[in-house]
Amino acid sequence: MQPWPRFIAFRIVRLALVLIAVALVAFALAKMSPVDPINAYLGPDIAKVGPEQRALIAAEWGLDQPVGVQFTKWLGNLLAGDLGWSVTYNAPVAEVIGTRFRTSLVLMGLAWIFSGLFGFALGIAAGAWQGGWADRLIRVYAYVLASTPTFWIAILLLMVFSVSLGWTPVCCAGPVGVLPEDVTLVERIRHLILPLAALSILGIAQIALHTRAKMIEIMRSDYVLYAQAQGASRLDIALRHGARNAALPAITVLFASLGELFGGSVLAEQVFAYPGLGRATIEAGIRGDVPLLLAITLFTTLFVSTGNTIADALYRLVDPRMADPDAVQGAAP
Amino acid sequence: MTLLEIDSLSLHFRRYDRLFRHVEVEALGAISLALEAGEVLAVVGASGSGKSLLAHAILGILPKNAVLRGSLWFDGRPLDGTAQAALCGRRIGLVPQSVSYLDPLARNGDQLRWAALRAGRSQRDATRLAQPALQAMGLDPAIARDFPHSLSGGMARRLAMAIATIGEADLILADEPTNGLDPDNAARVLDRLAGFARRGKGVMLITHDLVGALPYADRVAILDGGRLIDVEPASAFSGRGDGLRSAYARALWRALPQNDFSLPEALHHA
């Protein structure tokens, strides 16, 4: 095993390479797309602008330069901390991402924690009592939901709880017509419930299935057989050996699932009109807001890669066999 | 006093042959054995002879598709599922085959403490008993804070013996306790097992190493292909083996390098 400084250095270099590669591809895609940044900027005023003025804007923005020059200029600005100006929100891109991400963070963070806790508990129970009624219920739940698209669940929840039953609000992060800073905590929570449910339901299913598979493997291990020979009950085994040995894989899956969480939040936020980063992504795409779209792409990459790195680092930290490389030889039977 | 009595025990595994027809594959056939308190009974056989399955059958930890027939008696009472659940870890202890039987992510001390809790000890007693149990097996109490991967094979086996005896077990089932150990460590482990017998416990020593087990065993049961060939007194394995009753045991004894190294007919046809 490589030592910690090398592990961290290696990860930073890799992250930088990934970010550059993503920037390159995203930029190329934006360039190849039919979105014309000048049209997107002008909007309805497009009729008032002649070809000469368009050429002036293009020259001012550097759009008349070769693509390579445009890319290096953009990358240079990015490295200098200037993410550009978002036409959609009429604010600096960094500011848009900052405020939007804070809104999303509550939603995604809670969904992430719920998926982890409930998914893990359900997975342990299903795996320890494999073939029992609990396992059957959990399996049906997990398989059905793991194969269901997020937006469909979101629409279904909206139809049942907001439209038919009227228990929850139909949209947004607060009541319509109330300034964001005036929304009470209770209202905030009321508006959070459905998006959170839509996002968690799927996350729970994923973690539960992964944990269940690991748990079944654990139940067949020698140390569980030994615990049984000591007269341990199934609950004893599930809590003492199962949870301990299934925790690492579950945590890894949880961190590795940040990408799916992000993707899910884009869909859920769109359906519930929840003003987070996911909704901003779609707005930016529809309005041709290239700087915002590219910045969100890079931000997502950073977010997901960091999650994966944390997962790997945790593995090294928690497993005693990996923390102590000299002792591994002693494990021979 | 007869501690364990095995009466015409047979073990089959149910397997699906083609789609719906299931067949039973015999693993152990009609085994009758008795183990007295205070003795070391060596159960000797090649790998695949069903030695470990015999121990697992006594403990009631066989796989789901196992079919057990015949009867087991412990201390004069039938050893059925309920009795096994009540006695395993308390009056019957297992010393398993390898380090892989210890949870790799749990500290040694915790695993010992859990065994005590499973044997019905209180939380306080379990903590109090852990250190003397390690010392009794010649282990440094400091290893309680370590994880199993840092134990040597011999230390792991001694930890397993501490686990097996922390519940004051009367019957110790030792499954290949000297596997992979050098002669010194093997002798130390066997010596402790024999010590249990001297203090009145019954020890079933499951091994493939006949010669290694002889100095510590009182009687030797020979298993082959899931069947019990014979039970001989350990003292009969001496000289040319003329005191041995069964032809198979005699042949096995004479085939050893330090004896005649001959391969008589009996081994082929048994």
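**Close-up views of a predicted two-chain model**

**View 1. Aromatic pairs, with Trp4(A) and Phe7(A) as one of them.** Over all chains, a search of the whole structure finds 13 aromatic pairs, a pair being two rings of Phe, Tyr or Trp (its six-membered ring) whose centres lie within 6.5 Å, counted as stacked if the planes are under 30 degrees apart, edge-to-face if over 60 and tilted otherwise. Trp4(A) and Phe7(A) form an edge-to-face pair, at 5.5 Å centre to centre and with 85° between the planes. This is a predicted model, in which local features need pLDDT of at least 70 and side-chain atom pairs count only at pLDDT 80 or more, while totals for chains, interfaces and linings use all residues, and side-chain values use heavy atoms, without hydrogens and water. Residues are numbered from 1 along each chain as its sequence is written, and chains are lettered from A and ligands numbered from 1 in the order in which they are written. The two residues are three apart in helix H1 (residues 4–32) of chain A and are therefore separated by about one helical turn; helices (H or I, at least four residues) and strands (E, at least two) are DSSP runs numbered from the N terminus. Trp4(A) is partly exposed, with a relative accessible area of 34%, whereas Phe7(A), at 6%, counts as buried (buried means under 20% relative accessible area, exposed over 50% and partly exposed in between, with a 1.4 Å probe and protein chains only).

**View 2. Helix H9 (residues 222–229) of chain A.** Six of the eight residues of this helix are buried, so it is largely enclosed by the rest of the structure; the six are Tyr223(A), Val224(A), Leu225(A), Tyr226(A), Ala227(A) and Ala229(A). What covers them includes helix H8 (185–219) and helix H10 (234–256) of chain A, together with elements of chain B, among them strand S6 (92–95) and helix H5 (153–165). After H9(A) comes Gly231(A), whose phi is positive, near 85°.

**View 3. The largest pocket.** About 880 Å³ of space lies in this pocket, a pocket being an open set of points on a 1 Å grid over the protein atoms alone, with protein on both sides within 12 Å along at least five of seven lines, whereas a cavity is a set where a 1.4 Å probe fits but cannot get out, and lining residues have an atom within 4 Å of a point. Grid points are joined across faces, edges and corners, and a volume is the space filled by probe spheres set on the points. The lining has 30 residues, of which Trp61(A), Leu63(A), Trp74(A), Val290(A) and Pro291(A) lie nearest the centre of the pocket. H4(A) gives the most to this lining, with five residues. Domain 1 (4–88) and domain 2 (92–325) of chain A both contribute residues, so the pocket lies between them; these bounds come from an automatic or database domain assignment.

**View 4. The second largest pocket.** Its volume is about 610 Å³, and among its 16 lining residues Met219(A), Gln228(A), Leu62(B), Pro63(B) and Lys64(B) lie nearest the centre. H9(A) gives the most to the lining of this pocket, with three residues.

**View 5. The largest cavity.** The whole structure holds four cavities of 30 Å³ or more, and the largest has a volume of about 80 Å³. Of its 13 lining residues, Gln230(A), Gly89(B), Gly93(B), Ile163(B) and Ala164(B) lie nearest the centre, and S6(B) gives the most to the lining, with three residues.

Note on methods
Contact = heavy atoms within 4.5 Å.
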